[in-house]
Amino acid sequence: ATYPYVVLSSQTATQVSLKRCKKYNTTMVVDIVTGSTDPIGRSESEDIAEQITDIITPDNFKDLDLTALGYQLGNTEIESDNYINSKNDVYYLFRKIITFKHLTIKL
């Protein structure tokens, strides 16, 4: 594989019971994988993770307008943030796995 790459590995949705509208607690797992022949390669995965986090959890939600799809994003937060590294015959592999939690409202 050519490094780095990002995998949107899984997503979940659980409906929150409300009378007036449908709300869902949703999650999205983002897996950032980098590889290097140098054991000091973690910073690249951290830099990519920061860029993705800035897109998914912005200070201003105008960038994440889902109204055309019939949804509104109520809140987003990081549910978990894990880091894994290993070595194969050629590369040191660095993985940053972030689970984002969203409150999504059906319009």
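**View A. Tyr92 in strand β4 of the predicted model.** Y92 belongs to strand β4, which covers residues 92-106, in a structure that is a predicted model. With a relative accessibility of 24%, Y92 is classed as partly exposed, because that class lies between the buried limit of under 20% and the exposed limit of over 50%. Although Y92 and P39 are 53 residues apart in sequence, their C-alpha atoms are 5.9 Å apart in space.

**View B. Y83 in strand β3 and its C-alpha separation from K96.** Y83 is placed in strand β3, and its relative accessibility of 23% makes this residue partly exposed. The C-alpha atoms of Y83 and K96 are separated by 4.6 Å, while the two residues stand 13 residues apart along the chain.

**View C. A side-chain polar contact between T76 and H102.** T76 is part of strand β3, a strand that runs through residues 71-87. The relative accessible area of T76 is 10%, and T76 is therefore buried, since buried means under 20%. The side chain of T76 is joined to the side chain of H102 by a polar contact of 3.1 Å.

**View D. A negative surface patch that includes E44.** The residues that form this negative surface patch are E44, D47, E50 and D54. One of them, E44, is found in helix α1, which comprises residues 42-56.

Key
Residues are numbered from 1 along each chain as its sequence is written. This is a predicted model: local features need pLDDT of at least 70, side-chain atom pairs count only at pLDDT 80 or more; totals for chains, interfaces and linings use all residues. Side-chain values use heavy atoms; hydrogens and water are left out. Patches are made of residues with over 30% relative accessible area and no salt bridge: like charges are joined within 9 Å, nonpolar side chains (Val, Leu, Ile, Met, Phe, Trp, Tyr) within 5 Å. Accessible areas come from the Shrake-Rupley method with a 1.4 Å probe; for residues, only the protein chains shown count as cover. A salt bridge is a side-chain nitrogen of Lys or Arg within 4 Å of a carboxyl oxygen of Asp or Glu. Lys and Arg count as positive and Asp and Glu as negative; His and the chain ends are not counted. The place of a charge is taken as NZ of Lys, CZ of Arg, CG of Asp or CD of Glu. Helices (H or I, at least four residues) and strands (E, at least two) are DSSP runs, numbered from the N terminus. Buried means under 20% relative accessible area, exposed over 50%, partly exposed in between (1.4 Å probe, protein chains only). A polar contact is a pair of N or O atoms within 3.5 Å; within protein, one must be able to donate a hydrogen and the other to accept it, and residues adjacent in sequence count only if both atoms are side-chain atoms.
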